[in-house]
Amino acid sequence: MTFFQWLKRRREIDQDIAEEIRSHLAMAARDHAADGADPETARRAAVKEFGNVALALEDSRRAWTSRWVEATADVLKDIRYAVHVLAKSPGFSLVVIGVLALGIGMNAVVFTLLKDLALKPLPGVEGSGRLAVVMSKTKGGRIAGVSYPDYVALRDQGPFAGVAGSSPGLLNLGLKRQGERLWGELVTGNYFQFMGVHAQLGRTLLPSDETAPGKDPVAVLSNGLWRRAFGADPNIIGKTIHVNAYPLTVVGVADKSFHGSVVSWDVEVFVPIMMAPQLGVAFQNRPGKLLHDRKAGFLAAYSRLRPGGTLERASAQTAVLSKQLAADQPLEDVDRTLTVLPISRAPWGAQTYMLPAITMCGAMGILLLLIVCANLFGLVLVRGISRRGEIAARLALGASRIRILRLLLIENAVLVAPGAAAGLVLASFALPWMNTTASAKALGRFFFDISVDRMVVGFVALAACLSLLFFGLLPALRSSKVDLASVMKDSLSARGAAKGRFRSALVVAQVGISLLLLVSSGLVWRSLDAAQRLDRGFDDRGVISVTVDLKPNGYDEARGRVFYQQLLDQVRGAQGVESASLAATYPMTMVDSEAQRVEIEGYRVRRDEDQMFLYNVVTSDYFRTLRIGIEAGREFTPHDDASGSQVAVVNETLARRFWGTPRGAIGKRLRAGSGEWRTVVGVVRDVKYARINEAPRPYVYLPFFQAPRSSMIVHARGSAGAVALLEQARREVHRLDPDLPILDARTLHEQTSLALSILTMTARILATLGFMAMALASMGIYGLVSYSAKQSTHEIGIRMALGATRSDVVRRFLARGVWLGVIGAALGMGASYAVTRFLAAQLYGVSATDPASFATAMAFVLGSTAAAAVAPAWRAARTDPMTALRYQ
Amino acid sequence: MARQPSESEARIELLQGTLDMLILRTLQWGPQHGYAIAQTIRAQSTDVLRVEAGSLYPALQRLAKRGWVTAKWDQTEANQRAKFYRLTPEGKKQLVREQSKWGELVAAIGRILNPEAPPSGVKE
């Protein structure tokens with residue numbers, strides 16, 4: 001029988017028994033009437049003789065229904081009663097629901113981000129949070145990819161239940177002007193089986209696509225690309241697409257939920273790894289050998305641990321395998337070992353730069369929820385005190401304490417449920433907004449699973465239950481322990497004072513935690529400020545960047561040189577352009593761009609030294625266009641081309657490390673990768689190459705016409721204004737080649753602000769948390785002071801009758817509030833001092849104990865506690881002594 | 001009803017379980033409604049045993065649930081609608097069992113209270 005059938009049955013039983021009792025009373029009344037009583041007296045006598053009608057009914061019914069149904073029905077009744085009671089004080093209810101919604105909503109947002117970064121990083125992949133990724137690690141601790149031969153060894157001899165390789169990156173889809181740049185993955189044949197991803201159309205890639213280089217020119221599309229670029233064409237299978245200008249046959253469309261194996265990248269096309277040479281994918285300009293070269297670490301090897309296996313054991317076994325590989329096929333001058341990382345530490349994707357910040361926000365969010373609970377705790381406690389009369393009456397009428405506890409707990413649950421629901425709604429509005437903001441800034445297509453799924457709902461339910469336990473159960477325990485005698489006397493003295501102390505402690509805790517939150521957000525804001533003011537070594541204002549790639553349009557190297565030379569000449573000659581140049585990569589890329597092994601003439605490398613340095617390929621005028629200062633020597637000139645002698649420019653850090661001074665570097669020689677020896681002709685100032693908080697590091701610039709490549713960025717600086725400059729650059733590109741797609745066009749400032757976006761986001765989230773916390777703590781202080789003022793009305797009356805002035809009274813209550821604020825702030829100060837050192841990695845340009853941040857937070861906390869205490873103190877002082885004395 | 005303070009002291013609390021037996025016994029003479037059952041027990045015990053309505057109705061529900069009595073709405077002689085309880089064959093057997101158990105209990109208590117008296121047989 002279902003519960004609802006039970007309820008219906010129960011109602012029938014009730015009606016039946018009630019009618020039986022009515023009949024009993026009628027017969028008894030008739031007998032009394034026969035004895036001579038008048039009808040009314042007879043009726044009353046019958047009822048009196050019968051006893052407790054309600055109890056008889058309940059006991060009779062219990063013979064028929066199960067305990068479970070009874071208990072549930074009772075709870076339903078309690079809920080109905082609770083809703084009724086709470087509807088009578090809508091102010092209280094709305095405040096509680098609102099506060100909870102904010103607290104839970106904030107946490108739901110942060111949790112969703114955390115889930116997407118670490119717990120369920122790959123949408124559409126079962127158990128993706130438990131995947132590991134094998135990478136190689138250099139002596140200097142830098143993480144690099146795994147080569148294809150090493151991947152094969154891992155797959156066949158590794159300690160894993162499964163291993164699949166992938167090389168994610170930007171690929172060009174389509175030809176000529178229809179071409180666009182998108183995220184793609186070159187994957188091993190078992191990739192889809194490993195990920196457990198099926199095709200919604202056609203087939204996925206299979207191990208049979210990984211037999212020989214270039215043998216299987218096929219591709220699988222993502223659902224997004226299939227719909228976006230091919231209008232969800234049901235006959236897509238068998239059609240040809242061009243990836244990096246190479247024709248591939250579409251064999252399938254992957255499942256809707258799958259977005260590739262890199263967090264936040266919306267990977268749209270999957271190609272067999274064996275097609276890498278055909279697509280022109282090269283590792284550090286060493287084409288051809290890619291699939292046989294143990295040096296070419298271009299893969300991430302995703303792996304699943306064996307059942308019962310741990311990451312540590314797999315790591316140890318992988319290290320053994322790595323030694324074995326090194327012994328079998330030693331790599332001269334490259335010293336790398338295989339290392340196993342949890343997927344949350346995979347080297348690509350949003351988790352690399354977002355996870356620490358989001359984890360910090362999560363910790364702060366939980367602190368906020370604690371404040372929310374402490375605040376509600378206080379509110380519920382006060383409500384409990386004002387309801388002591390009702391509770392005492394219930395106890396006196398024979399209700400058990402458990403019953404009352406249940407009622408109070410249900411009342412709080414009735415508040416938590418809509419609070420949590422509102423929090424979820426809040427999160428589901430905030431998340432798409434954040435997503436849109438983020439994807440507008442992102443470089444490639446961006447995918448972040450922002451749906452509020454079962455995991456998020458579960459988290460919210462858990463948070464709600466814990467909150468309920470904390471702020472619902474504890475005060476209910478206290479409230480249900482009513483001392484009947486003291487209620488009768490309406491004296492609040494002893495217990496009232498004890499509760500006052502308890503509430504004071506709650507307020508102190510709130511103030512302390514909010515100080516901690518404010519200090520943290522202050523530190524991050526100051527970091528952001530410092531980062532924005534910081535001299536990054538270049539000037540991005542007024543500079544535009546336009547990215548093109550020649551290879552998909554069939555250019556060879558010679559034609560490429562001509563094209564880029566013409567493009568440079570035209571852009572430089574255009575109106576309003578001061579200077580222009582080409583570059584292979586931007587400054588402040590957020591994640592490291594390409595690195596190359598750099599050899600310094602006459603320098604013996606220490607065994608633990610990492611000689612892999614970031615580099616850029618630029619033309620003449622690059623340093624002038626980006627206003628990067630020249631410390632010594634000269635910048636590249638148009639004469640540094642194929643016919644000139646081989647040259648390089650290095651940064652100050654590299655020059656100082658190997659030759660002592662910038663001037664000392666001029667004329668010395670170095671070699672990048674396997675290229676020729678180059679003479680250092682110039683030393684330029686350091687730039688922030690990837691992140692704002694990176695330490696100074698060596699950097700090499702190569703002249704474009706001595707190391708040409710197909711994809712370059714055109715930088716132009718001029719007085720014409722960004723929009724005009726961008727338009728002009730587009731026009732110049734298309735005048736040279738109407739079929740060449742523009743892959744990216746934006747201002748350099750837009751590009752570099754991306755690197756700050758994480759810091760900006762963290763600062764915003766933390767500031768929101770901090771101010772919410774402070775507002776809540778102020779509410780707590782306000783509530784406490786106004787409550788104690790109300791309690792002391794009588795006392796105020798006496799004091800004023802005895803000659804105390806209003807300002808005496810104000811001072812008295814103000815002092816109470818401020819005193820709590822001071823204690824809380826002092827404790828919060830200690831806590832902040834202990835905690836903020838963990839933030840150090842997220843900070844830039846300020847120390848974790850930055851006095852300005854601490855002082856500002858302190859002033860803010862004390863100011864708002866005083867403000868929160870002043871209003872109720874003022875109200876208390878306006879009490880009319882005569883009314884106060886008559887009170888009670 | 002006139003107040004009779006001494007009467008309530010003279011009343012005896014029913015032992016747990018005996019109410020069921022008394023109800024079954026009362027129903028032996030034919031179907032009766034709750035009020036009549038209470039009145040009969042009171043009259044037959046010469047006012048010593050008074051059945052609380054708060055115990056009687058739950059007890060009747062219990063007996064009905066176990067299948068020892070069946071209930072049916074009907075009219076009384078005074079034309080009042082009332083629920084009549086009727087003993088089932090199962091209920092009759094149960095009454096016999098309870099009566100014999102009760103007899104043993106009384107005899108045993110009797111032996112304890114009057115140890116010198118010779119043991120007497122159990123009367124049905």
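Predicted model: local features only at pLDDT ≥ 70, side-chain atom pairs only at ≥ 80, totals over all residues.
Two strands pair if DSSP finds at least two bridges between them.

Stop 1: Select chain A, which has 25 helices and 24 strands. Its C-alpha atoms fill a box of roughly 130 × 75 × 55 Å along the principal axes. The radius of gyration of chain A is 37 Å, while a compact globule of 888 residues would have one near 29 Å. Of the 888 residues in chain A, 43% are buried. Among contacts in chain A with a separation of 6 or more, 82% join residues 24 or more positions apart.

**Stop 2: where the chains touch.** Show both chains. The contact takes 20 residues from chain A and 16 residues from chain B. On the chain A side, select helix 1 (3-34), helix 2 (39-50) and helix 3 (53-62), the elements that each give two or more residues. Which of them gives the most? Helix 1 of chain A does, with 10 residues. Colour this side of chain A by class to find 11 nonpolar, 6 polar and 3 charged residues.

**Stop 3: a sheet in chain B.** Now look in chain B for an open sheet of 3 strands, in the order 1-3-2, with antiparallel pairing. Strand 1 (32-33) and strand 2 (69-75) of chain B are the edge strands, and each pairs on one side only.

**Stop 4: one pair of strands.** Select strand 2 of chain B together with strand 3 (residues 81-87) of chain B, which pair in the antiparallel sense over 7 bridges. Finish on B:Trp73: its bridge partner in strand 3 of chain B is B:Lys83.

Definitions and conventions
Residues numbered from 1 in each chain as written. Chains lettered and ligands numbered in written order. Contact = placed C-beta atoms within 7 Å. Helix = DSSP H or I, 4+ residues; strand = E, 2+ residues; numbered from the N terminus. Nonpolar A, V, L, I, M, F, W, Y, C, P; charged D, E, K, R; others polar. Rg over C-alpha atoms; globule rule 2.2 N^0.38 Å. Buried ≥ 20, exposed ≤ 12 C-beta atoms within 10 Å, placed from the backbone.
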